[in-house]
Amino acid sequence: MKLETLAIHAGNIITDSHKPVVQPITLSTTFVHQPDSMIYSRAQNPNRFALESLLAKLEKGKSAAAFSSGNAAGVAVFQALPAGSHIVAPDDMYHGLRNALLTIFDDSLRVTFVDMTDPVQVADAFEAETKLLWIETPSNPLLKISDISRLSKLAKAKGAKVVCDNTFATPVFQNPLLLGADIVMHSSTKYFGGHSDILGGALIAKEEDDFWKKILNVQKTGGAVPSPFDCYYLTRSIKTLPYRMKGHAEHAGVIATFLAQHPKVERVFYPGLLDHPGHEIAANQMTGFGGMLSFLVEGGASEADRVISKLKYFTNATSLGGVESLIERRAASEGPDSKTPQNLIRVSVGLEHLDDLLEDLNEALS
């Protein structure tokens with residue numbers, strides 16, 4: 001099946017004897033004991049089984065594990081590492097997982113943050129105890145592009161696992177497992193959900209090896225799993241994912257070009273622009289450039305806040321990937337320890353009419 005067909009049909013696993021067209025929601029927390037049956041909903045549920053089966057197929061993996069949030073998914077990877085392990089991670093790693101490493105695992109794991117766009121820096125950061133290379137591409141919020149294939153080969157030579165955060169690209173535009181990564185991570189709250197109303201996370205593995213089995217144990221025993229409702233609605237939302245992503249990317253490309261030519265904008269971060277430092281790599285490993293962009297507005301934080309306050313169709317809110325356009329001054333959301341420029345505005349480009357979005361931005365910047 002092609003991607004669009006997979007998205008619609010691969011998660012529709014019917015177990016009801018009445019054969020409904022859409023898989024029903026199974027709310028029961030426990031199941032009758034019988035051979036090869038589900039036992040308890042924390043360990044397995046029909047709706048979660050359908051979602052995980054769908055995610056594995058979309059990302060070209062062998063197995064998937066759904067979690068209650070993107071952070072829960074990332075933390076499960078860290079929990080599966082041996083105590084004392086060293087991690088190499090991006091210097092602009094998503095702040096939620098960065099904070100988890102620095103505050104929850106500060107006594108059990110060590111991490112070195114480097115510029116993932118520079119393979120030399122990455123190679124120099126490896127140590128004898130390095131067990132994991134964490135890649136995030138495109139990155140949040142600077143839209144940096146890392147060469148997944150090159151970095152994966154480097155990590156494999158060092159005996160380290162590779163996990164790639166594919167939240168911004170989604171499997172519509174990028175398949176890290178085909179480029180050498182061992183595991184793909186998603187905040188399914190974002191584009192998978194697509195409507196800003198579901199919290200979730202996911203991991204998809206290329207192989208069902210011992211490390212993956214440890215992660216599955218964290219999922220089952222730790223219990224940070226999504227509800228049947230969340231699994232059902234994620235599976236439903238993914239049916240439109242390929243078409244939504246095409247719209248997000250089309251709008252983002254036009255808006256990025258508009259902003260790059262605007263006199264009040266200092267710089268635009270979008271890998272679809274030809275002058276983006278990672279454009280060539282992105283063009284080679286992605287089939288589209290996504291719906292996220294950031295830009296620096298002239299005048300500092302106060303001017304960035306003023307621009308955001310004047311917008312009508314861009315909602316000043318955290319998160320991304322919904323059908324509505326969201327915008328925020330990212331440093332203000334990340335807090336006082338943020339490394340993000342104070343005048344950087346991050347945009348999750350939605351599916352409103354493009355002319356309305358362009359007019360709105362033009363008036364706010366004037």
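This is a predicted model: local features need pLDDT of at least 70, side-chain atom pairs count only at pLDDT 80 or more; totals for chains, interfaces and linings use all residues.
Contact here means heavy atoms within 4.5 Å.

**Glutamate 303**

- This residue is found in helix α12, which covers residues 300-310.
- Is glutamate 303 buried or exposed? Its relative accessible area is 19%, and the cut-off for buried is under 20%, so glutamate 303 counts as buried.

**Helices α3 and α4**

- Helix α3 takes in residues 70-79 and helix α4 residues 95-103; the two pack at an angle of about 35°.
- Their axes are 10 Å apart, and the crossing is right-handed.
- On the α3 side, the residues that meet α4 are Asn71, Gly74, Val75 and Phe78.
- Their partners in α4 are Gly96, Leu97, Ala100 and Leu101.
- Sorted by type, this contact has five nonpolar residues, three polar ones and no charged ones.
- α3 is mostly covered, with eight of its ten residues buried.
- The buried set in α3 is Gly70, Ala72, Ala73, Gly74, Val75, Ala76, Val77 and Phe78.
- Gly74, Val75 and Phe78 are buried and also take part in the contact with α4.

- How many salt bridges does a search of the whole structure find? There are 13.
- One of them joins the side chains of lysine 144 and aspartate 91, at 3.3 Å from N to O.
- Lysine 144 lies in the loop between β4 (130-136) and α6 (148-157), and aspartate 91 in the loop between β2 (86-90) and α4, so this pair ties together parts that are 53 residues apart in sequence.
- Aspartate 91 is partly exposed, at 31% relative accessibility.
- Another bridge pairs the side chains of aspartate 209 and lysine 161, at 2.5 Å from N to O.
- This pair also links distant parts of the chain, 48 residues apart: aspartate 209 is in the loop between β7 (201-205) and α8 (210-222), while lysine 161 is in strand β5 (residues 161-165).
- Aspartate 209 has a relative accessible area of 25% and is partly exposed; lysine 161 is partly exposed too, at 25%.

- The side chains of glutamate 334 and arginine 330 form a salt bridge of 3.2 Å, N to O.
- Both residues lie in helix α13 (residues 330-334), four residues apart, which is about one turn of the helix.
- Glutamate 334 and arginine 330 are both buried.
- The pair belongs to a network of salt bridges that links Glu328, Arg330, Glu334 and Arg346.

**The largest nonpolar core**

- This core has 36 residues, and the ones touching the most other members are Leu51, Leu55, Phe173, Ile238 and Leu241.

Conventions
Residues are numbered from 1 along each chain as its sequence is written. Side-chain values use heavy atoms; hydrogens and water are left out. Axes are lines fitted to C-alpha atoms, for helices over the stretch in contact, and angles run from 0 to 180 degrees between N-to-C directions. A crossing is left-handed if the near helix is turned anticlockwise from the far one by less than a right angle, and right-handed if clockwise. Ala, Val, Leu, Ile, Met, Phe, Trp, Tyr, Cys and Pro count as nonpolar, Asp, Glu, Lys and Arg as charged, and the others, Gly among them, as polar. Buried means under 20% relative accessible area, exposed over 50%, partly exposed in between (1.4 Å probe, protein chains only). A salt bridge is a side-chain nitrogen of Lys or Arg within 4 Å of a carboxyl oxygen of Asp or Glu. A nonpolar core is a set of buried Ala, Val, Leu, Ile, Met, Phe, Trp, Tyr and Cys residues joined through side-chain atoms within 4.5 Å.
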